[in-house]
Amino acid sequence: METPGSQSSLHRANLERVVRAVRLAGSLTQAEIARTTGLSAATVSNIVRELKDGGTVEVTPTSAGGRRARAVSLSGDAGIVIGVDFGHTHLRVAVGNLAHQVVAEESEPLDVDASSKEGFDRAEALVGRLIQTVGVGRDKVIGVGLGVPGPIDVESGTLGSTSILPGWTGINPRQELSERLGVPVYVDNDANLGALGELVWGSGRGVKDLAYIKVASGVGAGLVINGQIYRGPGGTAGEIGHITLDESGPVCRCGNRGCLETFAAARYVLPLLQPGHGPDLTMERVVQLAQEGDPGCRRVIADVGRHIGSGVANLCNLLNPSRVVLGGSLAEAGELVLAPIRESVSRYAIPSAARRLSVLTGALGGRAEVLGALALVLSEMGDSTLLESGSATSPGSVGSEKDSALSSSR
């Protein structure tokens, strides 16, 4: 039995420190581990050797600053994590290993508003199919990250606004998927997961304070403060789409009038252009037409950008983030939408906050949320299980010969 403060408990704590640093980063040199953990180079070297002998980590030659170094990552066969992203029109699932490599990924159309049962049935089937494709047993699944397009109530675990997903009333997404798959499930809204994905692997790398603005069927924001997702006590932080821009404006689905969402979300924007472009017009098509020079589409995108910029200016004045990352289908418009956002920020934000803000499009596109779901599991899972099971792992690395979207973007 380990006594607090004893040599054995200190050694265990150092083992967990090193594993945690590698788990969160994906891959670190031994020098980087020492800087991250505060442990001496000699201690790190001994711990890495022990973890490698136990099968918990893999060590590969690399270079850092022109010098030879050794990169340490969690063993690819120590387990897998799964990301599930429910969008309003799609279901996307990704399987990753603990070395931050995506080893399988697939998406399919889905009307998530219709029925929660259908959504979870489809998700369960797709997860099973991808696990089979990867060729590992279900006992290797450590956890699942789940993204849903609505706020999660922190206390109950249910969706916090039934007006956003009426077919999911009373559903606890974490409990539902956990019972189906038999593994721990970590759940968050899609904007928070988009923020986490871009923070770890995309346009948010290197900063500790950012806002990820997702513009699709709705408008939401994932907020990162001091490197951590900020959810608020009730889990509804970041609902930027419901900032009031016009008290006499259109009635929003939340019940208020003139919310930012009623001026920027696809369901409100597309009807402005459908008389001239047909009822099947999509936001992706609007962006394409705008890039080809269509004056109406360019005008609407510019107007949307200015409205989003007003919301971003409010965020600047309240939270003073260093970076705003735009996601969703609208982000594909690039400078056609970014320039009007910056214009509004310059006009309405406090000058000192506006000067320090950079506004970028996301680097991960439509995959930001599902990669964020993987990152959520990797950040929430414990280290004790990895240490206890490390020596029992079988040889061979899951996905070691497959392309890695995560590791290649590091």
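For this tour, Ala, Val, Leu, Ile, Met, Phe, Trp, Tyr, Cys and Pro count as nonpolar, Asp, Glu, Lys and Arg as charged, and the others, Gly among them, as polar. The model is a predicted one, in which local features need pLDDT of at least 70 and side-chain atom pairs count only at pLDDT 80 or more, while totals for chains, interfaces and linings use all residues. Residues are numbered from 1 along each chain as its sequence is written, and side-chain values use heavy atoms, with hydrogens and water left out.

**Stop 1: the second largest pocket**

Select Leu196, Leu199, Val200, Gly227 and Gln228, which lie nearest the centre of the second largest pocket among its 22 lining residues. A pocket is an open set of points on a 1 Å grid over the protein atoms alone, with protein on both sides within 12 Å along at least five of seven lines; a cavity is a set of points where a 1.4 Å probe fits but cannot get out, and lining residues have an atom within 4 Å of a point. The volume of this second largest pocket is about 720 Å³, a volume being the space filled by probe spheres set on the points, which are joined across faces, edges and corners. Its lining comprises eleven nonpolar, six polar and five charged residues. Two or more residues of the lining of the second largest pocket come from each of α1 (7–25), α6, β11 and α13 (368–380). Helices (H or I, at least four residues) and strands (E, at least two) are DSSP runs, numbered from the N terminus. Colour α13 separately: with five residues, α13 gives the most to this lining.

**Stop 2: the largest pocket**

Next select Lys214, Ala216, Ser217, Gly328 and Ser329, the residues nearest the centre of the largest pocket, which 47 residues line. The largest pocket has a volume of about 960 Å³. Its lining divides into 16 nonpolar, 20 polar and eleven charged residues. Among the elements that each supply at least two lining residues are β5 (90–97), α6 (190–201), β9 (210–215) and β12.

Stay with β12 and select Val325, which lies in that strand. Is Val325 buried or exposed? Val325 is buried, because its relative accessibility is 0%; buried means under 20% relative accessible area, exposed over 50%, and partly exposed in between (1.4 Å probe, protein chains only).

**Stop 3: the largest cavity**

The structure contains two cavities of 30 Å³ or more. For the largest, with a volume of about 40 Å³, select Ile82, Val127, Ile131, Arg138, Val141, Leu181 and Val183, which line it. Six of these lining residues are nonpolar, none is polar and one is charged.

**Stop 4: salt bridges**

The whole structure has 17 salt bridges, a salt bridge being a side-chain nitrogen of Lys or Arg within 4 Å of a carboxyl oxygen of Asp or Glu. Begin with Arg122 and Glu108, whose side chains meet in a salt bridge at 2.7 Å, N to O. Arg122 lies in helix α4 (residues 116–134) and Glu108 in strand β6 (residues 102–109), so the pair ties together parts 14 residues apart in sequence. Arg122 is partly exposed at 26% relative accessibility, whereas Glu108 is buried at 18%.

Glu16 and Arg12 form a salt bridge at 3.3 Å, N to O, and both lie in helix α1, four residues apart, about one turn of the helix. In helix α10, Arg299 and Asp303 are likewise four residues apart, and the closest N and O atoms of their salt bridge are 3.1 Å apart.

**Stop 5: two asparagines**

Then select Asn320, in the loop between α10 (295–319) and β12 (323–327). Asn320 also has a positive phi, near 55 degrees, and is partly exposed with a relative accessible area of 42%.

**Stop 6**

Finally, select Ser248, in the loop between β11 and α7 (261–264). Ser248 is exposed, with a relative accessible area of 63%. Cys259 lies eleven residues from Ser248 in sequence and 9.9 Å away in space, C-alpha to C-alpha.
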